[in-house]
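Hi there,

I am handing over the structure we talked about. Have a look at it below, and then read on for what turned up in it.

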Amino acid sequence: MTENRNAVLDSMPAQIRMPYTLTPGTATGIFLAELSKQRLLASKHGSEICFPPVEFSPRGEPSDGFVELAPLGEVVAFTETSDGVLGLVRIDGTDKPLAHRLIGFAEGQLEVGARVEAVWAEAPAGDSVLDLAGFGPAQGASGFAPREVSGELSESSEQIAYTMTLDYRHAYGHYYGTFFDGVRSDRRLRGVQCTACERVLLPPRGRCDACFAPTGQWVDVASTGTVQASSVVHIEFIGQRMQPPYVYAEIVLDGASTRLIHMIGNVDPDEAKTRTAPGARVRAVWSDRRTGSLADIEYFEVIE
Ligand SMILES: [Zn+2]
């Protein structure tokens, strides 16, 4: 027996961020560094020219240096997205097109075969492909055949700080959808009761984790509870909402049979041993955010 079969909340926007260092290697490193000097470099492999530059050509020929390309080319293909136009641009004197932004085109002006020139970033960040902001309509940048690079080449950075960000939606399904809908809209915490052993499971799920019988009735659970175990988190990791050190606890809410893991906000980590020992009483402190997730509880506070 269930209520609200059609959970309003079907998913949650979520994100994974992965900061890491990119090791570009010599060819890509020099290519990126030279973009801030507004120069497009390719690598030379005998009579073959590779753009963007590589250490070895697709045929395995090692590079025998760099050449500078005129910042001019032709649109090979393009697609419009909600964030702008992406195109494949074949730079003059090269074979393989480069994917980049197409910017500054009037409506109807952009077509396959259109002549384009490099649009350089006004404030280059260094070591970024966006120091070449994209390609816009050709307006008379000077053309030349691939030529020797004049002056000194930039040094390649050995490592570049980088962050990969992946946005996605976390699908909730019926049980989490119903639960988090109550959390977001009414600050209501509900579990589901096992039809056999009558334990109340929170977070809710379709089957009991102890006797595997199906669950049935939704049951309101209090926002107060009892600590079963706690620990102090000292290390930093991605996705943390609190700056370490902080107290982390397994809490059984009044009326529930299972443990919920959350943070304790009003206890100094040095005092965790005594103040958040098993048996300590806690209460949820609701956040101003209404995200429809456990982050809607800012933290739990110890109540004396
Ligand atoms: Zn059960």
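This is a predicted model: local features need pLDDT of at least 70, side-chain atom pairs count only at pLDDT 80 or more; totals for chains, interfaces and linings use all residues.

Residue numbers run from 1 along each chain as its sequence is written.

**The sheet around that pair**

Strand 2 (residues 40–45) and strand 4 (residues 66–69) run antiparallel and are joined by four bridges. Strands here are DSSP runs of E with at least two residues, helices are runs of H or I with at least four, and both are numbered from the N terminus; two strands pair if DSSP finds at least two bridges between them. Ala42 has Val67 in strand 4 as its bridge partner. Strand 4 is also joined to strand 10, by two bridges and again antiparallel, and there Glu68 stands opposite Arg147. Put together, this gives an open sheet of four strands in the order 3-2-4-10, with antiparallel pairing. Strand 3 (48–50) and strand 10 (147–148) each have a single partner strand, so one side of each edge strand is left without a neighbour in the sheet.

**Ile49**

Ile49 lies in strand 3. Is it buried or exposed? Ile49 is buried, because 20 other C-beta atoms lie within 10 Å; the cut-offs are 20 or more for buried, 12 or fewer for exposed and partly exposed in between, with C-beta atoms placed from the backbone. Beyond residues up to four places away in sequence, Ile49 touches Ala42, Lys44, Val67, Gly93, Thr94 and Pro146, where contact means C-beta atoms within 7 Å.

**Cores and domains**

The largest nonpolar core has 31 residues, and Leu202, Ile251, Leu253, Ile264 and Phe300 touch the most other members. Such a core is a set of buried Ala, Val, Leu, Ile, Met, Phe, Trp, Tyr and Cys residues joined through C-beta atoms within 7 Å. Among the elements giving two or more residues to this core are helix 2 (173–186) and strand 16 (246–253). A second, separate core of 23 residues includes Phe51, Leu69, Ile91 and Phe135.

The protein is divided into domain 1 (24–158) and domain 2 (172–302), with bounds from an automatic or database domain assignment. Their C-alpha centres lie 52 Å apart.

Enjoy exploring!

Definitions and conventions:
Two residues are in contact if their C-beta atoms, placed from the backbone, lie within 7 Å.
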